[in-house]
Amino acid sequence: MNVAALTRRAGILRSQQHDGDIAGREALEKVLACDQPVAYARAKGFITVANAELTARNEHEGRAFRLFQEADIVACVFRLRDAPEIMDTLALTPERLSEETGIPLDIVKAAVRKERYRISLDHALRIWRRLLAITSRLESASDKLIAITRNPADLICTDERYNMSIRKVAGRRSEDDERYVYSRDHLVAAPEEGHPWALSPKTAVA
């Protein structure tokens, strides 16, 4: 698939007054390039267009291309509750947390800033597990660590209280203006089950 083919398919869907989100050319380009975040609705719109194109090709060419599902979207819509206070209380640096979780430092820094930049669920769960392991060894608890429990939803949340965006890379090079802490190298699917945000079989299919 390419942008031109998908743009034509999007036009066909609009002419048919198709229900649901339909991505425009800009969103289609971004998703195919996989180098900039897009809004969740646009990602769903891409799936609508891509699946229509793949279905048409399957029927015309006798192929069996796999269709996209909503579960294929890596949604960076999670934030960590009380992250700066937790880091201070544990005397934990972003560098150490990055090393111990295997998460790139730029992403960890974005997650623990006071602005609460958004991160993916895979990374949020990794940070939660590490913080839980650290606090479980403490002799006494602190009120500032109340969000760290065996329930990840006590630390990880999806509300709109803070920043809704993905943080851009803080650099001095001109190309940093268009680079984000997330790139195609960081797209990791969340676990299918075992956490409060798992998609049901009905909602997983777009």
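User: Buried means under 20% relative accessible area, exposed means over 50%, and partly exposed is in between (1.4 Å probe, protein chains only). So what does Trp 197 count as: buried, partly exposed or exposed?

Analyst: Partly exposed, because Trp 197 has 22% relative accessibility. Bear in mind that this is a predicted model: local features need pLDDT of at least 70, side-chain atom pairs count only at pLDDT 80 or more, and totals for chains, interfaces and linings use all residues. Residues are numbered from 1 along each chain as its sequence is written, and side-chain values use heavy atoms, with hydrogens and water left out.

User: OK, aromatics then. How many aromatic pairs does the structure hold?

Analyst: There are 2 aromatic pairs. Rings of Phe, Tyr and Trp (its six-membered ring) pair if their centres lie within 6.5 Å; planes under 30 degrees apart are stacked, over 60 edge-to-face, the rest tilted. Phe 46 and Phe 68 make an edge-to-face pair, 5.8 Å centre to centre with 65 degrees between the planes. That pair links distant parts of the chain, 22 residues apart: Phe 46 sits in helix α3 (residues 40-61) and Phe 68 in the loop between α3 and β1 (79-80). Helices (H or I, at least four residues) and strands (E, at least two) are DSSP runs, numbered from the N terminus.

User: Are those two buried or exposed?

Analyst: Phe 46 is buried, at 7% relative accessibility, while Phe 68 is partly exposed at 27%. The other pair is Phe 78 with Trp 197: ring centres 5.5 Å apart and planes at 80 degrees, so edge-to-face. Here too distant parts of the chain are linked, 119 residues apart, with Phe 78 in the loop between α3 and β1 and Trp 197 in the loop between β2 (156-157) and α8 (201-204). Phe 78 counts as buried, with 7% relative accessibility.

User: Switching to the inside. Which residues have the most contacts in the largest nonpolar core?

Analyst: Leu 80, Ile 119, Ile 127, Leu 131, Leu 155 and Ile 156, in a core of 34 residues. The elements giving two or more residues to this core are α4, α6 and α7, and α7 brings the largest share, 8 residues. There's also a second, separate core of 9 residues, with Leu 6, Ala 10, Ala 23 and Leu 28 among them. A nonpolar core is a set of buried Ala, Val, Leu, Ile, Met, Phe, Trp, Tyr and Cys residues joined through side-chain atoms within 4.5 Å.

User: What is Leu 80 in contact with?

Analyst: Leaving aside neighbours within four places in sequence, Leu 80 is in contact (heavy atoms within 4.5 Å) with Ala 111, Arg 116, Ile 119, Ala 124, Ile 127, Leu 155 and Ile 156.

User: Now helix α5. Which of its residues are buried?

Analyst: In α5 (residues 94-101), the buried ones are Leu 97, Ser 98 and Thr 101. They lie on the same side of α5 because they cover an arc of only 100 degrees around the axis, taken from the directions from the helix axis to the C-beta atoms. Their cover includes α4 (83-89), α6 (105-112) and α7 (121-135).

User: What lies 2.6 Å from the side chain of Ser 98?

Analyst: The backbone oxygen of Ile 103 is 2.6 Å from a polar atom of the Ser 98 side chain. Just after α5, Gly 102 takes a positive phi of about 75 degrees.

User: Which residue forms a salt bridge with Arg 96?

Analyst: Glu 100, with the closest N and O atoms 2.9 Å apart. A salt bridge is a side-chain nitrogen of Lys or Arg within 4 Å of a carboxyl oxygen of Asp or Glu. Glu 100 and Arg 96 both lie in α5, 4 residues apart, about one turn of the helix. Glu 100 also forms a salt bridge with Arg 130, at 2.8 Å between the closest N and O atoms. That one links distant parts of the chain, since Arg 130 is in helix α7 and Glu 100 in α5, 30 residues apart.

User: And how many salt bridges does the structure hold?

Analyst: The structure holds 9 salt bridges.

Definitions and conventions
Polar contact = N/O pair within 3.5 Å; in protein donor to acceptor, adjacent residues only side chain to side chain.
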